[in-house]
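Subject: Structure handover

Hello,

Please find the structure below. My notes on it follow.

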Amino acid sequence: MSGTWPPGYGYLPLGEVTSTLDEGRARAGAMTGPTWITATHQTQARGRRGRAWAHPAGNFAATLVLPRLDDPDSAALRSFVAALALDEAFTMLTGRADAFALKWPNDVLLNGGKVAGILLESLTTRGRLTGLSIGIGVNLAHAPGGDAVEPGALPPVSLMGETGLAVSPEDFLEALAPAYARWEGQLATYGFESLRTAWLARAARLGDQVTARLPNEEITGTFRTVDATGQLVLSTPKGERCIAAGDVFF
Ligand SMILES: O=C(O)CCCC[C@@H]1SC[C@@H]2NC(=O)N[C@@H]21
């Protein structure tokens, strides 16, 4: 790894694994600080809501392990930190900020298709949240076929397919890791408000009608904002609804 690696962050490049999230969980106890784990192949990569995640060779797959969290209550905000870092890395590598947008809660879009996803997993000690794994998958070279996504979901796209740019997973990490460290530093120094503002400036479909699919309910309304705790705020005919977790459909 050349370039400017963020001070205090470790790096563990692996070959074939079941999932970098599994590696994060197994290795977190021995880590002394935040550590990026990458893999060239994952045999059981997972996405949000128990879905499988396709990881063809040439795509980026990593888990950033935060083995100790000073403030466990802010753990979920890391999906905003990671999304802003991904957006910054994409913009740096392509010079095309206008092509990318952020979709609540944790997808990155390129030309309206999904190019990257984030999956947070808690790390617990004796039932207490003590750390966090941030799994990140980026379709650099290949997008999985449309049949790999659920009906109504945005089509997967790849960076190569949409822009013609060949970016290696190593080069992507070299852009992403410092960007993540900067946004994490901003969260620590200034709090979530500055990230919330930055995220909203890059949000897809702000002000539009969207549908949030929750385990037992679908809520359709106007996407007003994201609140101070990271919840999605929709205006519906029955009033304002704040949504902590769910999938959003446009
Ligand atoms: O559903 C999503 O959008 C989240 C996808 C997260 C995929 C990444 S790839 C690296 C890490 N390891 C996994 O098994 N999943 C995450």
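Predicted model: local features only at pLDDT ≥ 70, side-chain atom pairs only at ≥ 80, totals over all residues.

At 9% relative accessibility, Met31 counts as buried (buried means under 20% relative accessible area, exposed over 50%, and partly exposed in between, with a 1.4 Å probe and protein chains only). Met31 sits in the loop that runs between helix H1 (20–27) and strand S2 (35–42). Helices here are DSSP runs of H or I with at least four residues, strands are runs of E with at least two, and both are numbered from the N terminus. Setting aside neighbours within four places in sequence, Met31 is in contact with Ile37, Val65, Pro67 and Arg68, where contact means heavy atoms within 4.5 Å.

Residues are numbered from 1 along each chain as its sequence is written, and side-chain values use heavy atoms, with hydrogens and water left out.

Helix H2 has 17 residues and spans 24 Å from its first C-alpha to its last, close to the 24 Å expected at 1.5 Å a residue (the expected span is 1.5 Å times one less than the number of residues). H2 is largely enclosed by the rest of the structure, because 13 of its 17 residues are buried. Just after H2, Gly95 has a positive phi of about 70 degrees.

H2 (residues 78–94) packs on H4 (residues 169–190), with axes that come within 8 Å and cross at roughly 135 degrees. Axes are lines fitted to C-alpha atoms, for helices over the stretch in contact, and angles run from 0 to 180 degrees between N-to-C directions. By class, the contact of H2 with H4 has 16 nonpolar, no polar and 4 charged residues (Ala, Val, Leu, Ile, Met, Phe, Trp, Tyr, Cys and Pro are nonpolar, Asp, Glu, Lys and Arg charged, and the others, Gly among them, polar).

H4 also packs with H5 (residues 192–201), at about 130 degrees and with the axes 7 Å apart. H4 and H5 are therefore oblique to each other. Trp183, Gln186, Leu187 and Tyr190 in H4 meet Phe192, Ser194, Leu195 and Ala198 in H5.

Regards

Notes
Parallel < 35°, antiparallel > 145°, perpendicular 65-115°, else oblique.
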